Amino acid sequence: MLERDIVTAIRKYLASLGSDVFFWKEHGSVYGTNGVPDIICCYKGRFLGLECKLPGGRLTELQKRAIEQINRAGGFACRMESVEDVKRVIARVDLERSDTNA
């Protein structure tokens, strides 16, 4: 399995969530920003930065810094190794929303 296979599977899962989600794959290029997570997502109003890695893969210092900045700014960012990881994040967002609406 390659990292791009994880990205593809996560994008397919996010697309299955319908109108509750907006996302895109950040492409590294001379016009991009180094360290930005692979997938930028807004799910039910919550900003998510999903950095996709193979199991055991390491984050670069720039990726660590971007994840820290997103979390400090009130978003949620972390490394993802599978669709199951993303499902846990989505469940967490849903739980947060249900707690604030109770």
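A: Strand 2 and strand 3 run antiparallel, joined by five bridges. Strands here are DSSP runs of E with at least two residues, helices are runs of H or I with at least four, and both are numbered from the N terminus. Two strands pair if DSSP finds at least two bridges between them. The model is predicted: local features need pLDDT of at least 70, side-chain atom pairs count only at pLDDT 80 or more, and totals for chains, interfaces and linings use all residues. Residues are numbered from 1 along each chain as its sequence is written, and side-chain values use heavy atoms, leaving out hydrogens and water.

Strands 2 and 3 form a hairpin, with two residues between them. Lys-44 sits in that loop. Its phi is near 50 degrees, a positive value in a residue other than glycine. Lys-44 counts as partly exposed because its relative accessibility is 29%. The cut-offs are these: buried is under 20% relative accessible area, exposed is over 50%, and partly exposed lies in between, with a 1.4 Å probe and protein chains only.

Next, the strands themselves. Strand 2 covers residues 39–43 and strand 3 covers 46–52. Strand 2 is mostly covered, with four of its five residues buried.

Leaving aside residues up to four places away in sequence, Leu-48 touches Ile-39, Ile-40, Cys-41, Tyr-43, Phe-76, Val-89, Ile-90 and Val-93. Such a contact means heavy atoms within 4.5 Å. Leu-48 is also among the residues with the most contacts inside the largest nonpolar core, together with Ile-10, Leu-14, Leu-50 and Val-86. That core has 20 residues. Helix 1, strand 2, strand 3, strand 4 and helix 3 each give two or more residues to it. A nonpolar core is a set of buried Ala, Val, Leu, Ile, Met, Phe, Trp, Tyr and Cys residues joined through side-chain atoms within 4.5 Å.

Now the helices around the hairpin. Take helix 3, residues 83–101. Its buried residues are Val-83, Asp-85, Val-86, Val-89, Ile-90 and Val-93. Seen down the axis, they fall within an arc of 160 degrees, so they line one face of helix 3. The arc is that of the directions from the helix axis to the C-beta atoms. Strands 2 and 3 are among the elements that cover these residues, as are helix 1 and strand 4. On the other side of helix 3, Arg-88, Leu-95 and Asp-99 are exposed.

The start of helix 3 has its own details. Ser-82 caps the N-terminal end, with a side-chain oxygen 3.3 Å from the backbone nitrogen of Glu-84. Asp-85 counts as buried because its relative accessibility is 16%. Its side chain reaches the backbone nitrogen of Glu-81 at 2.7 Å. A polar contact is a pair of N or O atoms within 3.5 Å; within protein, one must be able to donate a hydrogen and the other to accept it, and residues adjacent in sequence count only if both atoms are side-chain atoms.

Helix 1 also packs here. Its buried residues are Ile-6, Val-7, Ile-10, Tyr-13 and Leu-14. They fall within an arc of 130 degrees about the axis, so they line one face of helix 1. That buried set packs against strand 1, strand 2, strand 3, strand 4 and helix 3. The face turned away carries the exposed residues Arg-4, Thr-8, Lys-12 and Ala-15. Ala-9 lies in helix 1 too. Ala-9 and Ser-82 are 73 residues apart in sequence, but 7.8 Å apart in space, C-alpha to C-alpha.

Gln-63, Ala-66, Ile-67 and Ile-70 are its buried residues. They cover an arc of only 100 degrees around the axis, which puts them on the same side of helix 2. Strand 3 is one of the elements covering them, and strand 4 is another. Glu-61 and Arg-72, on the other side of helix 2, are exposed. Gly-74 follows helix 2, with a positive phi near 100 degrees.

Note on methods: Expected span 1.5 Å × (residues − 1).
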